[in-house]
Each structure stands twice: as structure tokens, then as C-alpha cells.
Amino acid sequence: MEQTFIMIKPDGVQRGSFCEIISRFEKKGFSLKGLKLMTVDRPFAQKHYEDLLSKPFFGALIGYITSGPVIAMIWEGEGVVKTGRTIIGATNPAQSAPGTIRGDFAIVMGRNIIHGSDSVESAQKEIALWFPDGPINWQSNLHPWIYE
Ligand code: IDP
Ligand code: MG
């Protein structure tokens, strides 16, 4: 089944909102397959965001992501990559719809509180980077109540 990498950024941890953020994925019916609180160093953050190396905000982005602990997660479910991005909202919180995480919790792009993989391919890459030991293998007893 499809998996995605979701990360609550340092501002999301600092602002005391992470339980509510995590609960949105849980309530939807997706399955938690990995979760850890961790800090990352600059080389690790640069690897995660390597596609954005040429962007003018790259330096600020690396400073942001390394500024405090983050919560790294693997979520699993049908269509979780695309639906996860919908739950998160647009990159710019000023354009994120109300009801999305960024729409409800953030104001500016440089403090948009959460990351979600943008494709199945980047999800696989990011999960391998953040969870070298792989996901936790379990299945919720609610599975038959969530899927037909
Ligand atoms: P995404 O997180 O919605 O996938 P990306 O384009 O992959 O957006 O950018 C990664 C992160 O870089 C964003 O979540 C945001 O924190 C930051 N970012 C993107 N564009 C800008 C910008 O124009 N100014 C400041 N920060 C930005
Ligand atoms: Mg992205």
C-alpha cells in the first residue's frame, strides 16, 4: 500500500500544535507506520531539500528545518501521497484553504509548519532517508472498517 513521508517542522513542534496535526491523518483513516522526534543537521537537511538547492530561499529553509526538533512520520493508505498534500494545503499558507493544516495554522511560506512528499517517487526517497530501518510493519484492526 502507498506510503508518504510527513514531517512536522520545528515551528509546528514549538507552537504546541502537533497532536492536532497528527490527529488529522489518524482521523482520516491513514495508518501510522513510523514516528520519531529528532533534530537534523545541515547536511541532512540539504539532502532532504536537494531539489531546491538553486532557490534563493534555500539557505533560510535549511536554517528553518535545523532550528529545532521535528516530528518525522510515515503514513500509509490508498492515495496517501496526494490526499496528504490536500490535507496539508498549498505551500503558501496565504493560499491554503481553511480546513487544511497550513490554512489553519500558518501565515507565511517560511513558517508553514509541515512537510509532505509531493509524489510516490519522492515519498520512497524521503522515507529511505529519514527511516533507514524502514516502516513498522503492523495493520490496524480498523482496516476492514476503512476499506471495502
Ligand atoms: P512544499 O513544502 O509545499 O512541497 P516546496 O516548493 O517543496 O513546497 O518548498 C519546500 C519548502 O520551502 C516549503 O514548504 C517552504 O517552507 C519553503 N519555501 C518554498 N518556497 C518558498 C519561498 O518562496 N519563500 C520562503 N520559503 C519557501
Ligand atoms: Mg516539496
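**Entry 1: Ile113**

I started at Ile113, which counts as buried at 1% relative accessibility. By the cut-offs I use, buried is under 20% relative accessible area, exposed is over 50% and partly exposed is in between, with a 1.4 Å probe and protein chains only. Before going on, I noted that this is a predicted model, where local features need pLDDT of at least 70, side-chain atom pairs count only at pLDDT 80 or more, and totals for chains, interfaces and linings use all residues. I number residues from 1 along each chain as its sequence is written, letter chains from A and number ligands from 1 in the order in which they are written, and take side-chain values over heavy atoms, leaving out hydrogens and water.

Most residues other than glycine have a negative phi. I placed Ile113 in the loop between helix H6 (101–105) and strand S4 (114–116). Helices (H or I, at least four residues) and strands (E, at least two) are DSSP runs, numbered from the N terminus.

**Entry 2: His115**

Next I looked up His115, which lies in strand S4. UniProt, in an unreviewed entry, places the feature "active site" at His115. I keep in mind that such annotations may be inferred rather than shown by experiment; feature names are shortened and positions follow the numbering used here.

Is His115 buried or exposed? His115 counts as buried, at 9% relative accessibility. Not counting residues up to four places away in sequence, I saw that His115 touches Phe5, Ile6, Met7, Lys9, His48, Tyr49, Ile88, Arg102 and Glu126. Contact here means heavy atoms within 4.5 Å.

**Entry 3: Lys33**

I then turned to Lys33 in strand S2 (residues 31–38). Lys33 is buried too, with a relative accessible area of 6%. Leaving aside neighbours within four places in sequence, I listed its contacts as Gln3, Ile74, Glu76, Pro135, Ile136 and Trp138.

**Entry 4: Val13**

I found Val13 in helix H1 (residues 10–14), where it counts as buried at 16% relative accessibility. Which residues does Val13 contact, neighbours within four places in sequence aside? I wrote down Ile8, Phe18, Leu37, Pro69, Val70 and Ile71. Leu37 is 24 residues from Val13 along the chain, and their C-alpha atoms are separated by 9.3 Å.

**Entry 5: the whole chain**

Finally I stepped back. I counted 8 helices and 4 strands, and along the sequence they follow the pattern β-α-α-β-α-α-β-α-α-β-α-α. The radius of gyration is 15 Å, close to the 15 Å that the globule rule gives for 148 residues, so the protein is as compact as a globular protein of that length. That radius is taken over C-alpha atoms, and the rule is 2.2 Å times the number of residues to the power 0.38.

I read the span of the C-alpha trace along its principal axes as about 45 × 35 × 25 Å. Buried residues make up 46% of the 148 residues. Of the contacts with a separation of 6 or more, 77% come from residues 24 or more positions apart.

The UniProt annotation "domain: Nucleoside diphosphate kinase-like", from an unreviewed entry, covers residues 1–138. I noted that this span is 41% helix and 17% strand, and that its end C-alpha atoms lie 12 Å apart.
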